[in-house]
Amino acid sequence: MASERNLARNDERTAFRASLDGLRERSRSVGECSISALFANEPERLARLSFECAPLSVDLSRQRLPLTDLPSLFAHAAASGWHAGRERMFAGEAINFTEQRAAFHVALRARRPMPLADDGDVMPQVSATLERMGEFSAAVRAGAHRGAHGDRISDIVAIGIGGSALGPELACEALASDGQPGLRVHFLANVDPASWASVRQGLRADTTLAIISSKTWSTAETIANATAVRDWLLNEGIAPGELHRHLAGVTARPERALAFGVSEAALFSLPDWVGGRYSLWSAIGLPLMLAIGPAAFDELLAGARAVDEHFFTTPIERNAPAMLVLVSLWNSLVLHTQTEAVIPYSHSLRRLPAYLQQLQMESNGKGVDSDGVALDYPSGAVTWGEPGTDAQHSFFQALHQGPAIHPVDFILVAPPPGELAPAAAKLLANGLAQAEALLRGDPGADDPHRRCPGNRPSTTILLDGLTPRSLGALLALYEHKTASLGWLLRINSFDQWGVELGKRVALRIEALLTDPGLALPSDMDPSTAALVERLRRR
Ligand code: F6P
């Protein structure tokens, strides 16, 4: 039996390698193909590479990808097990194979039974948590939840980092117009004391609620900040017996939160089958639900659910997340690009690049395949970006004239129908112009210093307004792109073992900095040793 399974696995690997190598072969002949020529020679190009996934539309037609190469990308998806990966994710199977867990974030926004492999339907648990979050949020927003001295809450301090912060922070900023006047949400992530000092400005303990979000309830920065905030509440006059009115907790380790001082009533569970960077839809989203209310939070879930249904049911050649990731795969394997820029032409979406950095780079910045064999092909690209139009005045020079190609995802927001104000028209014109300029280039009047080579690939994603629903859809689109890349590269997109080493080393150095009597370890590199000594001498 085992030998048959090994034979099948070897066959899979062989088929995978053959299709991957076939794609890489294309770099010799397609590296310099002209996107403009593709438009001229492929009359159906725009239709074939544009995708509707309401309330989003995705235009991949300005990517340097000939339509005639699509079959080899679809063949690679089949050979790599993309279809099976999609099925297994929606079936709640343990696709996070190094931690033996499911990656079941789609269940958090589903509205149908979602059995976790053979462990039964998780929807009762999901619904119960959403209901408790809703009641808690409604009570705080209505002023029914009072502080120790009878005051209503005016400020939320959301304590967390990485996946326990980036999603809620992005969404609170993106949907600030849906926020409740008189209820401010502050995010406290960095362990730098300046971070808490900045957040603390203008806060009153009596009207402050701290939400501590940590799946493990062991992340050093979060515990340090939570402790600092708890001490502040006590020092500002909140009696220990009343502290629980000013604390809430979101975690997969409830016993640790209770020990910290969080009450059962303000404690929300996070299942093990939700990865941190995929957790906005869970109780991690509590700060967002407090900001925009339960109904708007449900709209966010609905937007993600619409993309889930599209992703799960649409054939690959019309599947927006799948086509987005196949273009990424093509660019890295064939054009040898190493980064992807995300440029939201929206001040409200200014935290989107930071969110996508964790989602994409913590998921696919991996070095071995599912068999533990070191990769001899590229894994996930470096994600970076800033909002437009600001980015045009900082790094677009490199995008237009630099030798390296960095494909750009332009994120544009269509204003409500009939409301194209002059400033919005200017913003959209710049976003569209940059994509066209990257494509068209400029001969520069034969002055080489002024020449822009053009033929630079980009994707344009257009949101039908910036609403909880369109934001939910956008983030789910990228989640499925991210998970799909893992299946196409045979890597695990759902663990993050690489972050543990730095944490261990930091603990060792922290001890040396705080206890000058400790001898430096003999195996410490000379640079670290010299810097530690220098700091200790101060
Ligand atoms: O160290 C990386 C990481 O584990 C992320 O994956 C996670 O989102 C973040 O730290 C915070 O983890 P926790 O929610 O357990 O505090």
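A pocket, on a 1 Å grid over the protein atoms alone, is an open set of points where a 1.4 Å probe fits, with protein on both sides within 12 Å along at least five of seven lines; lining residues have an atom within 4 Å of a point. Helices (H or I, at least four residues) and strands (E, at least two) are DSSP runs, numbered from the N terminus.

This is a predicted model: local features need pLDDT of at least 70, side-chain atom pairs count only at pLDDT 80 or more, and totals for chains, interfaces and linings use all residues. Residues are numbered from 1 along each chain as its sequence is written, and side-chain values use heavy atoms, leaving out hydrogens and water.

Start with the second largest pocket. It is lined by 21 residues; Arg9, Ser80, Arg88, Ser370 and Trp487 are closest to its centre. Four helices, α1 (2-25), α5 (70-80), α6 (82-90) and α18 (468-489), each supply at least two lining residues.

Now the largest pocket. Its lining has 44 residues. Nearest the centre lie Thr216, Thr219, Val499, Glu500 and Lys503. Two or more residues each come from α10 (220-235), α15 (352-364) and α19 (500-514). Which element gives the most? That is α19, with 6 residues.

On to the sheet. It is open, with 6 strands in the order β1-β2-β11-β10-β8-β9, and the pairing is mixed. Strands pair if DSSP finds at least two bridges between them. β1 (50-53) and β9 (382-384) are the edges, each pairing on one side only. β8 (residues 339-344) and β9 run parallel, joined by 3 bridges. There, Glu340 stands opposite Thr383 in β9.
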